[in-house]
Amino acid sequence: MYGISDSLLALLFLGVLLLLAKLGEEIFEKFKLVPYVAAIVLGIIIGPGVLGLIKILPNITLFISLGINFLLFTGGALEFKGIETKKLLKPSNIIMGVMEFILPFALISFVVYYIFHNFIVALVAGIVTGMSSAGPLTRLLSDTGLNNTEEGNKIFQQVVTIEISAVILFSFLSDLHGKAITLYMVLKISAELIISLVGIILFSRYALTRLLAKIDFSSRAHETVIAVIVGFVLLLGFVGQLYGFNSAIIALFIGIMLRDFIGERPMVAEKVSTLTYGFFEPLFFIGLGLYFVRINLALLEIGIAIFIIALAFKPIAGLVSSRFIHVDPIKNALGTSVNGGVDAALLVVALGLTLVGRYDYSVIMIAITLLTLVIPLMFNIRAPLVQTQKSKYVWEMVNAEFKNLKACDIANSFQSVSVNSRNPISLAFKMCTDLNARAVIVTDSKSRVLGELMLSDMVTLGHNQLRTLSVYEGKIIPAIKVRCDSPATHLISIFRESDPPIVAVVDKNGKFVGTILEREILKHISSILESDKPAKS
């Protein structure tokens, strides 16, 4: 193509795809639309679906495949961190989540079968359009201020269970594909899936977590921990793929099992997030459009028809379940219907496994894209962003803005300056110097705040002590803590009166949520003043 070798052409295509994806996301962000939908649309336009300027090459396929794995791993590690394992494994929650998935899955699959007249394609369409994705929901709850409310937590908990149910069903379907459907085969595949899943969970939660903790304690650089995590995601993915368990799904469960380890190490979490969301995610979403066939009117009509079917059936389960968990019916119906993450990844996997063809893929992806775009818009009508009217006077304006902000809103906007008590003091020292902080918050394994470690105290330690001592052996002093729901104006008073080096934010149960530095308050004030400046003519 273009008279250039495929390996060299892939470099050009990857660069163009990455830049276009991020540009499109920024544009959609300004219009309050789901950012990565722009990447999908651009991929369709420049790919075989419309202009045919860029085609799928082996090297590009490799990056997209890696993107699926790391997107699911990061989703498990960072997007599921807001839910406790005990709550997730509570029988009543599992039953409700499974039922909320089964109902729309069955209804959508039944109707789609009469469109394609293909049982497997109908099942895949039912799974990926009938499921929900935790990643987009996290963003949606944050944008509407529901992320720290009981209502938002209940919606999120349901979506996590729905998503995991869909992933397990998809794994079962992909393993069964191409085999004779007998009772023996169904039981055999079920047993293999259960054993594989339990093995992955036990290895990741105990062996891998302990190995990473030892490496993190003895290693000088966080990059070593990241490299080991990436290595095991690839190795376990290979082993799983060898025995019929998809590597991307393995990555998701590894991420879920490592979420506590990563959550206790903000620097590791930041690097994992940067690698995934800065590189793999945009390439993945714009790559979704490159698998399309040429778009015509008939294809669009079928895609829109599946979108309407899913939009009609998906909210039903959420409406029913809202009666039992006492959540606003419309919010619950729409919140448990979000798409645009794992569902798209599963559809690409289905294409790779030949469960669906490229035409089927194109039609179903149109439906997913429309669901990803439309449902958040409908949800925002029910739970709109509260716009604050700005004052003409500086401090009136700041107070008007800050009275609607809570401590969590500020803490969640910035990098957390915290370490676990078992971390080496060298990590606390490096975090203070990297983030220009005078102190670091110290937490235990249960996310309880133990106190703070001052940079000035760490400076007095020699190099050997920095390398060998753990944080709990340092001079930990009491830290100022504020509740998550404390008004931001209270924080201004704290910094003005006490001048603390850092403030810890905790939830109603006393568990650590994040940190706030004085400069972060100042940044918020600065952004308010900047946004109030009149536009230049």
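In this predicted model, the side chains of Lys22 and Glu25 meet in a salt bridge (2.9 Å, N to O), the term for a side-chain nitrogen of Lys or Arg within 4 Å of a carboxyl oxygen of Asp or Glu. Both residues lie in helix H1 (residues 6–30), three residues apart, about one turn of the helix; helices here are DSSP runs (H or I) of at least four residues, strands (E) of at least two, numbered from the N terminus. Glu25 is buried at 7% relative accessibility, whereas Lys22 is partly exposed at 31%. Buried means under 20% relative accessible area, exposed over 50%, and partly exposed in between (1.4 Å probe, protein chains only).

By this rule the count comes to three salt bridges. In helix H20 (residues 425–434), Asp434 and Lys430 are four residues apart, and their closest N and O atoms are 2.7 Å apart. Arg483 and Asp485 form another salt bridge, at 4.0 Å.

Turning to the interior, 11 of the 11 residues of helix H11 (residues 247–257) are buried, so this helix is largely enclosed by the rest of the structure. The largest nonpolar core has 120 residues; such a core is a set of buried Ala, Val, Leu, Ile, Met, Phe, Trp, Tyr and Cys residues joined through side-chain atoms within 4.5 Å. Ile60 and Phe73 are among the members that touch the most others. A second, separate core of 26 residues includes Val417 and Val449.

Residues are numbered from 1 along each chain as its sequence is written. Local features need pLDDT of at least 70, side-chain atom pairs count only at pLDDT 80 or more, totals for chains, interfaces and linings use all residues, and side-chain values use heavy atoms, with hydrogens and water left out.
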